[in-house]
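Look at the chain below before reading on.

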Amino acid sequence: MSRSTAPIAAPANANAAAGTPLSFRDRQFRWREEAILDAANRLLATKGFETMSMDDLATAVGIAKGSLYKHFDSKEALAAAAMTRLLRAIEAHLRSQDPALAPVDRLKDLLAWALRERAAGRMPLLPSTSQPVQQALMASRDYVMALEDVGNEMAELVAVAADQGALRQDLPVPVMLYAIYARSCDPSFEYLRQSGEWSDDEVIRMMVSSCFDGLASAVRGNT
């Protein structure tokens, strides 16, 4: 997934929804929450969920840990908010794509976008086997709704691409969907970047190509 889209802001409160301007205090609260999520994304990308502490996060933002807990009561709740914001950013990117693009090209563009976000430190990576993290995610209504919205839209793109012959028709849609997701989180992305042999754009291009075009040669001799 690619680019430099501005982060998706947290939902406005009732006053803002009704058209009443936010007070300076409310705006300051939301600005600080965005700063916390930005710092969390960077720490999750570099240190990982297990080793990142709330002390680390408070230091990165430049606030007291007590102030941090006014926004998020646990590291798991913070992770759920970070993932919800990411999903809404994905949704925004999908909506910004040229509607004339073929479904498979929209999926390729989305994966390139995600990898560019990851290279920029804006892609939170969470342990998929952590029960507390999974419980926190599933307990978040905002996360579950965002996951459903993005999942449905991406599944539709995969299904149409398969119907058009651009993706394999012998594989179930969820299998292909998870394959694309897995490539966005693939640790080999960092290994290739750190090797210094290729630019970020070249690594992203190769990652997208190997995901959608596979590893087999385009021209194979008879066996």
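**A walk through the predicted model**

The secondary structure of the protein chain consists of 11 helices and 0 strands. This is a predicted model. Followed along the sequence, the pattern of the chain is α-α-α-α-α-α-α-α-α-α-α. The protein chain has 223 residues, and 36% of them are buried. Where contacts link residues at least 6 apart in sequence, 67% of these contacts join residues at least 24 apart.

The next topic is the nonpolar interior. In soluble globular proteins, nonpolar side chains tend to be buried together. The largest nonpolar core of this model holds 53 residues, and the members that touch the most others are L57, L78, I90, L107, L167 and F212. Helices that give two or more residues to this core are α2 (24–46), α3 (54–61), α5, α6 (103–119), α7, α8, α9 and α11 (200–213). The most comes from α5, with 10 residues.

L107 can be followed as an example. Which residues does L107 contact, leaving aside its neighbours within four places in sequence? The partners are M154, L157, V158, L167, I180 and F212. Two of these partners, L167 and F212, are also listed with L107 among the core residues that touch the most other members.

Now to the open space in the model. The largest pocket contains about 700 Å³ of space. Its lining comprises 28 residues, of which L87, Y143, L147, Y178 and Y181 are the closest to the pocket centre. Two or more lining residues come from each of α5 (75–96), α7 (131–139), α8 (141–163) and α9 (173–184). Here α8 gives the most, with 7 residues. What is the make-up of the pocket lining by class? The lining has 23 nonpolar and 5 polar residues, and no charged residues.

The cysteines come last. A disulfide is a covalent bond between the sulfur atoms of two cysteines. In this model the count of disulfides is 0, by a rule that asks for a pair of cysteine sulfur atoms within 2.5 Å. How exposed are C185 and C211? C185 has a relative accessible area of 26%, and C211 has one of 22%. Buried means under 20% and exposed means over 50%, so C185 and C211 are both partly exposed.

Terms used. Residues numbered from 1 in each chain as written. Predicted model: local features only at pLDDT ≥ 70, side-chain atom pairs only at ≥ 80, totals over all residues. Heavy atoms only, no water. 1 Å grid on protein atoms, 1.4 Å probe; cavity = no way out; pocket = protein on both sides within 12 Å on 5 of 7 lines; lining within 4 Å. Points joined across faces, edges and corners; volume = space filled by probe spheres on them. Helix = DSSP H or I, 4+ residues; strand = E, 2+ residues; numbered from the N terminus. Nonpolar A, V, L, I, M, F, W, Y, C, P; charged D, E, K, R; others polar. Core = buried A, V, L, I, M, F, W, Y, C linked by side-chain atoms within 4.5 Å. Buried < 20%, exposed > 50% of the residue type's maximum accessible area, 1.4 Å probe, protein only. Contact = heavy atoms within 4.5 Å.
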